[in-house]
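Trainee: Take me through one part of this model at close range, please. I'd like the helix packing and whatever it leads on to, told as one connected story.

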Amino acid sequence: MNQLNELQMERLTSPQIKKLIDQGVKTAIVPTGAIEQHGPHLPLLMDSAHATYQGIEVAKLMGNVLVAPTIRIGFSEHHMKFSGTISYRRSTFKSICEDYCISLAQHGFNTICLFSCHGGNFPILKELESELNSLVGAKCQVIVFSEINSMYDSWRAVAEEWGGLGDRVGGHACIAETSITLAIHPDLVNLDKAESGYSGDIFKPGAYEKVLNEGLHEKASNGVIGDPTGSNTELGELCINAYTKELFKYFRTRISR
């Protein structure tokens, strides 16, 4: 497929978007992220900056796709003990996703692909797919990537192959997320303050739900899950590429239009 020169909807004019839709560009990607603490060494924007970058990379691979503005704030209630975190309520995050999809469908997009770069959004997105499809009508298909383990497993595999460091991928401000931020915003990473945090597996059955209910501070007083030691720009690029492939494969497999 032909690649578009500009993939981000918010950087285009309304007439430009209408022309692209009329020409057959009818798939929109909706990235979701968060504005929340990421330990003592990463900025609050980590998940949202990652989501925007990730959405563009997926769009490049898919072709003839536009990327909607990232939903920058997500469900981060379990991070609220850490200063600066901003969280939507579950109901607010759901409503925003609904309004995004209704708006995009109304303009003529017939496929809408949602994904997240923030763990807290995944359970809500998983519950939403059926509801979103009922809201947009029969002429539009909403596809939600809600396989949180696929994202982290892809990072672990990459880190292990790259340097035998798969065990440092914990899921939050770890070697993967720190490396990704180094690849996207190296000026915002303070490696001098990077430190390991909770080393247990929060994605085993029941563990992640407990973190969401009780708060991350109960597991990690420094807000880190995993170990950022050894973070590297090259590894960050590899992690981004790995998640890009996971998302591309999932969306392409499920697109029916």
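## A helix crossing and the sheet beside it

Mentor: Start with the handedness: helices α2 and α6 cross in a left-handed way. Keep in mind that you're looking at a predicted model. The two axes, for α2 (residues 46–62) and α6 (residues 175–184), come within 10 Å and cross at roughly 65°. On the α2 side, the contact is made by Met46, Asp47, Ala49, His50 and Tyr53, and α6 answers with Glu177, Ile180, Thr181 and Ile184. Sort those residues by class and you get 5 nonpolar, 2 polar and 2 charged.

Glutamate 57 pairs with lysine 60, with 3.1 Å between the closest N and O atoms. They're 3 residues apart in α2, so about one helical turn separates them. Check accessibility and the two partners part ways: glutamate 57 counts as buried because its relative accessibility is 19%, under the 20% cut-off, whereas lysine 60, at 43%, counts as partly exposed.

Now for the sheet. It's an open one of 4 strands, in the order β2-β1-β3-β4, and the pairing is parallel. On average, and ignoring direction, neighbouring strands are turned by 20° against each other.

Strand β3 (residues 111–116) runs parallel to β4 and is joined to it by 4 bridges. Isoleucine 112 has valine 142 as its bridge partner in β4, and leucine 114 has valine 144. As for the β4 side chains, Gln141 and Ile143 point one way while Val142 and Val144 point the other, and all of them are buried.

Arginine 254 and glutamate 129 form a salt bridge, the closest N and O atoms being 2.8 Å apart. The arginine belongs to α8 (residues 233–254) and the glutamate to α4, so this pair ties together parts that are 125 residues apart in sequence. Glutamate 129 is buried, with a relative accessible area of 18%, while arginine 254 counts as partly exposed at 28%.

For a contrast in setting, take a pair in helix α1 (residues 14–22). Aspartate 22 and lysine 18 meet through their side chains in a salt bridge of 2.8 Å, N to O. They lie 4 residues apart in that helix, so they too are separated by about one helical turn, and both are exposed.

Definitions and conventions. Residues numbered from 1 in each chain as written. Predicted model: local features only at pLDDT ≥ 70, side-chain atom pairs only at ≥ 80, totals over all residues. Heavy atoms only, no water. Axes fitted to C-alpha atoms, helices over the stretch in contact; angles between N-to-C directions. Helix = DSSP H or I, 4+ residues; strand = E, 2+ residues; numbered from the N terminus. Left-handed = near helix turned anticlockwise from the far one by under 90°. Contact = heavy atoms within 4.5 Å. Nonpolar A, V, L, I, M, F, W, Y, C, P; charged D, E, K, R; others polar. Pairing = 2+ DSSP bridges. Salt bridge = Lys/Arg side-chain N within 4 Å of Asp/Glu carboxyl O. Buried < 20%, exposed > 50% of the residue type's maximum accessible area, 1.4 Å probe, protein only.
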